[in-house]
Amino acid sequence: MINELLSQYERELRLRRGLSENTVVAYLYEARSLCAFITRSIDADPGEPIDLSGLNLEDVRSWLAEASSGEARSSMARHSASIRTFSSWLYRGGFTDVDAAARLKAPRASNELPHVLTQDQARNLLGFVHDRAADGDPLHVRDSAMLELLYAAGLRVSELCELDVSSLRPDSTVRVIGKGNKERIAPYGVPAMRALMAYLDVRSQLVAAPTSGGPATEKALFVGARGKRINPRTVRDTVHRLASQAGVPDISPHDLRHSAATHLLDGGSDLRTVQEILGHKSLATTQRYTHVSAERLRQSFVQAHPRA
């Protein structure tokens with residue numbers, strides 16, 4: 001049965017490989033999608049066992065073409081990486097005769113530069129959110145703290161949502177659990193510290209009380225309107241809405257992370273420091289932001305130099 005197969009795969013991802021929750025969910029989604037594709041292609045009953053022993057590269061390529069139709073190359077690359085992991089596990093477990101996706105090539109990454117705000121635009125956005133929080137509305141105060149921390153610490157949206165109150169440290173740093181359950185310590189500045197202190201003062205107004213009537217036990221730093229841990233979709237919607245209201249270009253939480261990295265480099269920070277703050281495994285990933293800064297430099301030169 002497919003469900004039993006996927007349960008075994010989930011145990012592999014969680015227990016043996018120790019992958020993060022988001023990675024496990026994503027990899028299981030891709031594996032389930034491939035199994036469903038094979039089931040349809042052989043016109044099998046979804047509730048019946050399927051024989052994957054003959055799974056081959058052409059099957060995987062056909063699935064990838066369907067799964068990534070209309071998507072960006074970066075999404076196709078993620079599909080490819082996750083299904084190679086599944087294919088390798090199937091082969092090692094004796095479920096397939098060959099490692100069907102071993103020769104599956106991921107598309108070349110796009111050379112498109114990350115979308116970032118200018119420093120003035122970031123200042124305008126955060127200033128708008130700060131002024132909005134002055135009304136004392138707990139949700140407005142929370143939004144201010146979220147955006148300040150996303151930008152100040154260069155967090156991924158999943159990392160922000162997984163923070164607990166105990167993740168905040170007294171030295172204006174935050175303990176972050178990133179990709180692959182890797183821990184790092186990210187610093188944040190005075191504006192973020194003030195926004196967080198203001199939020200912690202009103203957080204109890206948002207946290208849902210337990211049905212027993214005792215004290216609230218929610219550990220999450222950021223909670224939603226219902227008092228439980230906030231989810232990434234809510235954060236993304238909030239960032240898009242506030243960017244529109246502030247009159248800055250439309251951005252996502254990840255664009256705030258891109259902006260933080262670019263502004264750190266513009267301010268003279270070295271690549272290794274930015275790599276540590278962002279939690280990049282490879283320095284090559286961080287080096288993308290040097291191109292953004294170089295492009296800004298070129299544009300300023302063209303606009304200002306008399307012989308440009």
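**Notes on the cores, a pocket and a buried threonine**

1. Start with Thr85: its relative accessibility comes out at 15%, so it counts as buried, the cut-off being under 20%. Keep in mind that this is a predicted model. Thr85 sits in helix 4, which runs over residues 73-92. Once you set aside neighbours within four places in sequence, Thr85 is in contact with Tyr9, Leu13, Arg17 and Tyr27.

2. As background, nonpolar side chains in soluble globular proteins tend to be buried together. Here the largest nonpolar core holds 44 residues, and Leu149 and Phe222 have the most contacts inside it. Elements giving two or more residues to this core are helix 5, helix 6, helix 7 (157-162), strand 2 (173-177), helix 8, helix 9 (232-246) and helix 10 (253-266). Helix 6 supplies the largest share, with 8 residues.

3. Leaving out neighbours within four places in sequence, Phe222 is in contact with Arg142, Ala145, Met146, Leu149, Leu160, Leu196, Tyr199, Lys228, Arg229 and Ile230. Leu149, the other residue named for the most contacts inside the largest core, is in that list of partners.

4. Cys35 has a relative accessible area of 1%, so it is buried.

5. What about the cysteines: how many disulfides does a search of the whole structure find? The count is 0. Cys161 also counts as buried, because its relative accessibility is 3%.

6. Now the second largest pocket. For context, rolling a probe the size of a water molecule over the atoms shows where empty space is left. This pocket has about 370 Å³ of space. Its lining is made up of 19 residues, and the closest to the pocket centre are Leu126, His130, Glu148, Pro191 and Ala192. Helix 5 (119-132), helix 6 (138-153) and helix 8 (190-202) are the elements that give two or more residues to the lining.

7. Which helix gives the largest share of that lining? Helix 8 does, with 6 residues. By class, the lining of the second largest pocket splits into 12 nonpolar, 4 polar and 3 charged residues.

Technical notes
Residues are numbered from 1 along each chain as its sequence is written. This is a predicted model: local features need pLDDT of at least 70, side-chain atom pairs count only at pLDDT 80 or more; totals for chains, interfaces and linings use all residues. Side-chain values use heavy atoms; hydrogens and water are left out. Helices (H or I, at least four residues) and strands (E, at least two) are DSSP runs, numbered from the N terminus. Buried means under 20% relative accessible area, exposed over 50%, partly exposed in between (1.4 Å probe, protein chains only). Contact means heavy atoms within 4.5 Å. On a 1 Å grid over the protein atoms alone, a cavity is a set of points where a 1.4 Å probe fits but cannot get out, and a pocket is an open set with protein on both sides within 12 Å along at least five of seven lines; lining residues have an atom within 4 Å of a point. Grid points are joined across faces, edges and corners, and a volume is the space filled by probe spheres set on the points. Ala, Val, Leu, Ile, Met, Phe, Trp, Tyr, Cys and Pro count as nonpolar, Asp, Glu, Lys and Arg as charged, and the others, Gly among them, as polar. A disulfide is a pair of cysteine sulfur atoms within 2.5 Å. A nonpolar core is a set of buried Ala, Val, Leu, Ile, Met, Phe, Trp, Tyr and Cys residues joined through side-chain atoms within 4.5 Å.
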